Amino acid sequence: MSARVTSAIAFGLLAAAPLAAAPQAAMSDAAAQAMAHEIYQELVGINTTDSVGNVTTAAEAVAARFRAAGFPAADLAVLGPNERKKNLVVRLHGSGKHKAVLLIGHLDVVEARREDWSTDPFTLVEKDGYFYGRGALDMKAGDAIMATALLRLKQEGYRPSRDIVLALTADEEGGCCNGVDWLVRNHRALIDAEFVLNHDGLVGYSITSEHGVPQEFALSASEKTYADYQLTVTNPGGHSSLPRPDNAIYQLAEGLINIGRYAFPFELNAVTRAYFERMAAVASGQTAADMRAITRTPADAAAVGRLARQPDINSLMRTTCVATRLEAGHANNALPQRAQAVVNCRILPGHSKEEVRQDLIRVLNDPGITVRYVADDGTISDKAPQQPALAPSPLLPQVVKPLESTVAALWPGLPVVPYMNSSATDGIYTRAAGLPTYGVAGIAVDRDDVRAHGRDERVRVAAFYKGNQFFYRYLKAVTAQ
Amino acid sequence: MTGRRRARTAVALLLMLGPAAGGAAAPPAPQGSAAADALAYALLKQLVEINTTDSPRGNVTTAAEALAQHFRTAGFRAADIHVLGPSARKKNLVVRLRGSGTHPAVLLIGHLDVVEARREDWSTDPFRLIEQDGFFYGRGTLDMKGPDALMVAALIRLKREGFTPARDIILALTADEEGGAANGVEWLLEHHRALVDAQFVLSGDDYSVLTEHGRPLFFKLVASEKIYADYQLLVTNKGGHSSEPVPDNAIYSLTRGLDRLAAYEFPFELNAVTREYYRRLAGIETGQRSADMRAILREPSDPRSLARLSQDPVDHSITRTTCVATRLAAGHANNALPQRAQAVVNCRILPGHSPEEVRQRLVEVLANPAITVGYLASDGTLLDKAPAARGFAPPPLLPEVLNPLDELVAETWPGLRVIPSMSAGASDATHTSAAGLPTYTFSPLTVDPDDDREHGRDERIGVASFYQANEFMYRYLKMLTAH
């Protein structure tokens, strides 16, 4: 990591910078809230899952709003390699003083089954102070907020100091046609920028709260590498009336128990070390002491163990692998001929997918379980890629300073800390393309209530609206000078 | 036999060795067997060519009516022929050949329905009887329109001869043994018990002469059945993003439970039939295996002998209830912590134990209240509790059933033994057993178990075997009801 990064990590809390003077046709906060809610509701209501959903429908729906708001056709594009997986790219022209900023957000969502949920996952439901729905957090809230900010700036006649490009895209959650990857490869000029703001943040939020009280604002500047592995056991099978000791399901189960027990080695890098140093000053009691203890060399093992009980902290300290899917057998009355599992890993920067595949083989400790790599497009190969994960993005002052000022204005005293995402986002594609990328989203979510990808996914109503207000102000601050 | 239950072990429970006491006079030479073979062939062809699948194309009533017509033509009175059932497409045929009334009736059962067969999977049209290379091909030739035709042919032949049996012979040819809403045997017992009531039941729903490379090994008489039961193990979890794994994981909870299940053995248990099986088999086997069989029969049994014997999956299954995981499904996305993990566990339960008892044992073995154990009924319905009814103890091996069988088997296949056996699956015999009727299953067809194509493609029976069985069935019924 460069010196520039480490120095930029020590954030001071700056006084709130005065915002731009009142615009000509200012949209009221209330009107902006109503608009954000309307887009949010519309997007959640459009099924954008990879299976039966249609991202193009969502892209067109948002495009229609930009058209109605007066964005010229030349600045709007709905495009992609697949009829169901088109992306929206829209540009608000600036003065050209600086190179553009690219905002990215994905329109697709993971699957959600009605029977698993308390409410219809494809209807935005407001209940008990929360918005519920698939994508309520990850990340149709962010899509709605970014679109609203751009529409609001347009309505105000605001002229940013750099073009603002918004790309709302397909297949971040998996599928044939990752939109960011496709745009970077095929339409680089359309989305080229000095830096990228990714509203995916952690998973659609950046502020971790406890009982609704914000604790820290995580500026995502690095991320773990995502990798899926397929574990397979085969067996001759046979009739289930005559069970034998060798059984594909039991063999796989034993291996998975070993995976469940295994913890990858504790390891910090420059970003996570800075994170814990910074957080130690904010946290209190045992947690603060433990954070200090793990940043010493050698790290205190007991402190690592205590902190590892918190899943979000655990995932910052090590590569993690977890079984996410199982499939075995073909008939109730037949011994299974095949048992398979998917193990999903999040790999620390500096390590490769193949290295982790070898680790899994060692942990499974059973040559009868084959471990193959599953690529993003579903292709399965015997070996995984060898190249180590991408280095963090440098912390640019033109990104960090407006962030600190906006956060200080809206949440006085809230620390901004650099962060390494344990979840992979589309930031891997923009970073790989050489564009510094930062996860920034002003939505707060309780540490123990992150329901992205889970059932009854939700966001506090107040957090959504505050996030809406934040992003508009931050975007203005980023493009003020 | 039903698809989910067609399991049959080669679990041969040796009970009776050799033919019954000799001295029986050679039976009279069969009369009119060429005509009898022609009838059996015509019946088989007609049955195979009537589609009786549980689908819009299938109709069991058509087959029942066609057979009823044969009985009418043969001179059975209208009062002794019934075509009846709860559904227009699923009617059953019940026919009675009146006897002298010396003994209570015998009931013969066979199912008319067959499992699906797709033309594109088969070499021939599954709903045409094709004779080729010494085999009859067609859906149901083995399971069980062949045995149906044999039973019908025998009854008509006896009628035409003017034979008066010592007991009424009732034949019930029924619907939905293979699945479906209207199981005929169950329905008849519940709604028309008097029509089918009998001292004992003979089911034709299993071939009996097992061969290896064409050489007959033994004649299998199924006299007991394990109960088939499927259970669903389910763990639910709030799930979440897979980037932040938590210790509480639906897949790990399930796999830890399955690990305990894999290590668990149901208690060793013999019943009168399996005890006799090992007593007899110990006299035939040699060395360690023979010694081990003797050792497990002692009280208390020797655990090391049991462990050695149990290394053979067949012996393992004879001596205990077994449960094994056969399916898994968990998770809904590679990048999401699983909200649901489930397994199917298939159990084969010894007589004397109930599916609910086994369900509760599974709960104990899994030792995790987060794993719920539901019962999967045969129609796929998931229930919180399993049936509490216990599996039926094997019926007594009635001499009036076995003696003529022994005699005829010895005559037909010199040296071949009748071996009472326990099936690991279940058939319509479940329903007659439940009604308190001792039930024995056999059909004198010769099949190599490696070439058992029941429910599969190109189902077939040997032509010579079919005609041999035709003669056997006729003579057996005559001997069974002679006195």
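Trainee: How many bridges join strand β5 (residues 130-132) of chain A to β20(A)?

Mentor: Strands (E runs of at least two residues) and helices (H or I runs of at least four residues) are taken from DSSP and numbered from the N terminus. Two strands count as paired if DSSP finds at least two bridges between them. β5(A) and β20(A) run antiparallel, and the number of bridges that join them is 3.

Trainee: What pLDDT do local features need in this predicted model?

Mentor: Residues are numbered from 1 along each chain as its sequence is written, while chains are lettered from A and ligands numbered from 1 in the order in which they are written. In this predicted model, totals for chains, interfaces and linings use all residues, side-chain atom pairs count only at pLDDT 80 or more, and local features need a pLDDT of at least 70.

Trainee: Which strand of chain A gives the most residues to the side that touches chain B?

Mentor: Residues are in contact if their C-beta atoms, placed from the backbone, lie within 7 Å. The contact takes 51 residues from chain A and 47 residues from chain B. Among the elements of chain A that give two or more residues are α7 (248-261) and β14 (338-347). With 8 residues, the strand that gives the most is β12(A).

Trainee: Which residue of β12(B) stands opposite Leu326(A)?

Mentor: β12(A) is joined by 3 bridges to strand β12 (residues 322-330) of chain B, and the two run antiparallel. Opposite Leu326(A) stands Ala330(B).

Trainee: Are the residues of strand β7 (residues 200-203) of chain B buried or exposed?

Mentor: A residue is buried if 20 or more other C-beta atoms, placed from the backbone, lie within 10 Å of its own, exposed if 12 or fewer do, and partly exposed in between. In a regular strand, side chains alternate between the two faces of the sheet. Phe200(B) and Leu202(B) point one way and Val201(B) and Ser203(B) the other way. These residues of β7(B) are all buried.

Trainee: Which residue of β18(B) is the bridge partner of Val201(B)?

Mentor: Strand β3 (residues 103-111) of chain B pairs with β7(B) in the parallel sense over 4 bridges. β7(B) also pairs in the parallel sense with strand β18 (residues 439-441) of chain B, over 3 bridges. In β18(B), the partner of Val201(B) is Thr439(B).

Trainee: Where in chain B is Met144(B)?

Mentor: A cis peptide bond joins Asp143(B) and Met144(B), with omega of about -10°. Met144(B) has its place in the loop between β5 and α3 of chain B.

Trainee: Is Asp171(A) buried or exposed?

Mentor: Asp171(A) has a positive phi of about 60° although it is not a glycine. Its place is in the loop between β6 (162-169) and α5 (179-186) of chain A. With 28 other C-beta atoms within 10 Å, Asp171(A) is buried.

Trainee: Is Asn365(A) buried or exposed?

Mentor: Asn365(A) also is not a glycine and has a positive phi, of about 55°. It is found in the loop between α12 (353-364) and β15 (370-374) of chain A. With 10 other C-beta atoms within 10 Å, Asn365(A) is exposed.

Note on methods
Contact = placed C-beta atoms within 7 Å.
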